[in-house]
Amino acid sequence: MVKRNYQVQEINEKITAKAMLKNRPISLKYATEICREIKGKPVAKAEKFLNDIVEKKAYLPLKKYHKKVPHRKGKPISGQKAGRYPINACKAFLELISYAKANAENKGLDPEKLIIKHVFACQGYRRWGMQPKGRIAGKRRRKKSTHIEIIVQEVRA
């Protein structure tokens, strides 16, 4: 099934902009951790944080899904030393934020004053794929996909 509705219904349409990506081949676990980390931040800070993860200057702190995850050197981020570098998930979120900024500019909002009001990830449609190694005929596996949505709001100062 394709996701059509946003998770939040009561928003002020005049000062908000929305964007959604459907069935992206990224991990739902990493997507929920990224959602928790960037919610409430200004868009510029969230973009910088995600770019640092892609360049491996910073790590994504894993608070919920942290079993058998090694600690990283340096200061803890958000009070957590365990973390990983989910590059594909971060690139998908950067794409989503750029879409939301473009929608905000189209509405006449200032992209410098945007904060992330709502961000949500849920499981997408799981297609069958073939695992190439192993047996001669291969092995059927379910490929993961995730729906992600974002709502940004302009802060009036």
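1. A crossing of two helices is called right-handed if the near helix is turned clockwise from the far one by less than a right angle, and left-handed if anticlockwise. In this predicted model, α1 passes α3 in a right-handed crossing.

2. The helices concerned are α1, residues 28-38, and α3, residues 87-107. Their axes lie 10 Å apart and meet at an angle of about 50°. That angle makes α1 oblique to α3, because neither the roughly parallel range, under 35 degrees, nor the roughly perpendicular one, 65 to 115, takes it in.

3. On the α1 side, the contact is made by Tyr30, Ala31, Ile34, Cys35 and Ile38. On the α3 side, Ala89, Cys90, Phe93 and Ile97 take part. By class, this contact has 9 nonpolar residues, with no polar and no charged ones.

4. The largest pocket holds about 150 Å³ of space. Its lining consists of Ser27, Lys29, Tyr30, Glu33, Leu62, Lys64, Tyr65, His66, Lys67, Val69 and Arg84.

5. Which element gives the largest share of the lining of the largest pocket? It is α1, with 3 residues. By class, the lining divides into 5 charged, 4 nonpolar and 2 polar residues.

6. As for the overall layout, the protein chain has 3 helices and 7 strands, in the order β-α-α-β-β-α-β-β-β-β along the sequence. The C-alpha trace spans about 60 × 40 × 25 Å along its principal axes.

Conventions:
Residues numbered from 1 in each chain as written. Predicted model: local features only at pLDDT ≥ 70, side-chain atom pairs only at ≥ 80, totals over all residues. Heavy atoms only, no water. Axes fitted to C-alpha atoms, helices over the stretch in contact; angles between N-to-C directions. Helix = DSSP H or I, 4+ residues; strand = E, 2+ residues; numbered from the N terminus. Parallel < 35°, antiparallel > 145°, perpendicular 65-115°, else oblique. Contact = heavy atoms within 4.5 Å. Nonpolar A, V, L, I, M, F, W, Y, C, P; charged D, E, K, R; others polar. 1 Å grid on protein atoms, 1.4 Å probe; cavity = no way out; pocket = protein on both sides within 12 Å on 5 of 7 lines; lining within 4 Å. Points joined across faces, edges and corners; volume = space filled by probe spheres on them.
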